[in-house]
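Work through the exercises below with the sequence and the structure open. Each task is followed by a solution in steps.

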Amino acid sequence: MFALVETFGCQQNVNDSQRIEGMLLEMGYALTDDREKADVIIFNTCAIRENAHTRVFGNLGALKHLKAKKPSLIIGICGCMAQQEHIAKRIKSKYRHVGLIFGTHALWKFPSLLLDAIEQNERVIDISENENIAEGLPVNYDGGARAFVSVMYGCNNFCSYCIVPYVRGRERSRLEEDILEEISSLAKTGVKEVMLLGQNVNSYGKDRGEKDAFALLLKKVCQIDGIERIRFMSSHPKDISEKLLQTMAEEEKICNQLHLPLQSGSSKVLLDMNRHYDRERYLSIVKKAKELMPDICLTTDIIVGFPTETEEDFEDTLSILREVEYDSLFSFIYSPRVGTKAAEWENASSEEEIDARFKRLLDLQNTISYKKNLRHEGKIEKVLVSGKSKTDSEMLSGRNYANKIVNFRGDESLTGKIIDVEITKAQTWILYGELV
Ligand code: 5AD
Ligand code: SF4
């Protein structure tokens, strides 16, 4: 029997899908990439923007003929989209070939939900809420040298545009010992780099009344033999602590790379977004980070076209880009989400204006990214080799401390190793180098 899990969305979802795959393997399924071959197909979905929904609905529609050909096929949908009642309703009425719908809180119940779906001749739906953390679920890590490890779930911030707190519930931190045990066992399988995940890792431990717990956790992860690199995301600027920045600077194994979502450079828009920091506070964090780590690689998230964003506010965003000089950024056009506060607001700008702003943002950032990449030229950097390059089979590909892709010539046996590469050429999105 074959099963296929398709992931839409963020690293958290990738990690959740690895758990679903882990459970499927324990149930006796083999994994496949082939929809035609699969007996179970699960879509793990994202709700963050409307285009994420559209993609999933399109893909679900395309599965209809498979179900007609093989009536025993179980098609399931889970994750952030499935957790929303209006979506579950729509799937129930319009996508009758979908036999299993479960939300983010029911992940641990997956084996029994799947069995119910196989045995019963009717739909199984579980989008109930549950604020527990299920430990000990099997995880199907991909065997590579890099792994994602969730340290907490949920979000308490209720940024006015964001659906995440509604679909992932309140912040819950995993126990330190569970996280350390998972990372230690990953290290034994050859994992060298871990990315610690949470919607806001700076809140780690706050649900238990702990202070600075994330910085302390990082220090302990640094002690694990075999783990050579540690990254984390995301950090909410409102509660990033100096202690965390100092820990990053002090600890060799923590990469000098920070993803610090800005969203907007205008203090007025930030207030409307309910972000709890203003332009000045954000810039003071960046200043501190640069003082402590002069080689720091900074990345960010920007939303263009938030309902109250005017041309002047957008100019404020561009000016922060020029001042901070991010290495790269993730930019999104604002997408109203049902149930969030901002979804009730009229948009001050037209679609054309927003599209033009988006383009200006990308153009400016491309120039900055190229300039920042040039700083690596001539340097010898440690690269964790991920394997053959996806774009050029003659080349190997890996990541430097900044998480930038470095392509170079070398033997495939270097995969999974950390090696020295001299950076010889920078482009906007990629670095090229030579083995030292
Ligand atoms: N529209 C556009 N972008 C959004 N994000 C979150 N919600 C929305 C939305 N409604 C972006 C934010 C966040 C990133 C993960 O997705 O920039 O940091
Ligand atoms: Fe969404 Fe804000 Fe929470 Fe990030 S911090 S997940 S943007 S509500």
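This is a predicted model: local features need pLDDT of at least 70, side-chain atom pairs count only at pLDDT 80 or more; totals for chains, interfaces and linings use all residues.

**Exercise 1. A cis peptide bond**

Task: State which form the peptide bond from Met233 to Ser234 takes, and where Ser234 lies.

Solution. 
Step 1. Omega for the bond from Met233 to Ser234 is near -5°, and the bond is cis.
Step 2. Most peptide bonds are trans.
Step 3. Ser234 is found in the loop between strand E11 (229-233) and helix H9 (242-250).

**Exercise 2. The sides of two helices**

Task: For helix H7, compare its span with the expected value, then sort residues of H7 by burial. Do the sorting for helix H4 as well.

Solution. 
Step 1. H7 covers residues 176-188, which is 13 residues. From first C-alpha to last, H7 reaches 19 Å, close to the 18 Å expected at 1.5 Å a residue.
Step 2. The buried residues in H7 are Ile179, Leu180, Glu182, Ile183, Leu186 and Ala187. These lie on the same side of H7 because they cover an arc of only 160° around the axis.
Step 3. Glu177, Glu181 and Lys188 are exposed on the other side of H7.
Step 4. An α-helix has 3.6 residues a turn, so residues three or four places apart point the same way.
Step 5. In H4 (residues 85-94), Ile87, Ala88 and Ile91 are buried. Their arc around the axis is only 100°, so they are on the same side of H4.
Step 6. The other side of H4 has Glu85, Lys89 and Lys94, which are exposed.

**Exercise 3. The surroundings of ligand 1**

Task: List the residues around ligand 1, sort them by class, and find polar contacts to the ligand.

Solution. 
Step 1. Around ligand 1 are Ile48, Arg49, Tyr161, Gln263, Asp301, Ile303, Phe332, Ile333, Tyr334, Ser335 and Arg337.
Step 2. By class, this shell has six nonpolar, two polar and three charged residues.
Step 3. Strand E13 (297-304) and strand E14 (328-333) each contribute at least two residues to the shell around ligand 1.
Step 4. Two side chains reach oxygen atoms of ligand 1: a polar side-chain atom of Arg49 lies 3.0 Å from an oxygen, and one of Gln263 lies 2.6 Å from an oxygen.
Step 5. Tyr161 makes its contact through the backbone, with an N or O atom 3.0 Å from a nitrogen atom of ligand 1.
Step 6. Ligand 1 on its own has 400 Å² of accessible area, and the protein covers 86% of this.

**Exercise 4. The surroundings of ligand 2**

Solution. 
Step 1. Ligand 2 is surrounded by Cys155, Asn157, Phe158, Cys159, Tyr161, Cys162, Val164, Pro165, Gln199, His236 and Arg275.
Step 2. The classes in this shell are seven nonpolar, three polar and one charged.

**Exercise 5. Thr340 and Asn121**

Task: Are Thr340 and Asn121 buried or exposed, and where do they lie?

Solution. 
Step 1. Thr340 has a relative accessible area of 2%, so it is buried. Thr340 lies in the loop between E14 and H13.
Step 2. A polar atom of the Thr340 side chain is 2.7 Å from the backbone oxygen of Arg337.
Step 3. Asn121 is in the loop between helix H5 (110-119) and strand E6 (124-126).
Step 4. Asn121 and Ala147 are 26 residues apart in sequence, with 38 Å between their C-alpha atoms.

How values were computed: Residues are numbered from 1 along each chain as its sequence is written. Chains are lettered from A and ligands numbered from 1 in the order in which they are written. Side-chain values use heavy atoms; hydrogens and water are left out. A residue is near a molecule or strand if one of its heavy atoms lies within 4 Å of it. A polar contact is a pair of N or O atoms within 3.5 Å; within protein, one must be able to donate a hydrogen and the other to accept it, and residues adjacent in sequence count only if both atoms are side-chain atoms. Accessible areas come from the Shrake-Rupley method with a 1.4 Å probe; for residues, only the protein chains shown count as cover. Helices (H or I, at least four residues) and strands (E, at least two) are DSSP runs, numbered from the N terminus. Ala, Val, Leu, Ile, Met, Phe, Trp, Tyr, Cys and Pro count as nonpolar, Asp, Glu, Lys and Arg as charged, and the others, Gly among them, as polar. The expected span of a helix is 1.5 Å times one less than its number of residues. Buried means under 20% relative accessible area, exposed over 50%, partly exposed in between (1.4 Å probe, protein chains only). The arc is that of the directions from the helix axis to the C-beta atoms.
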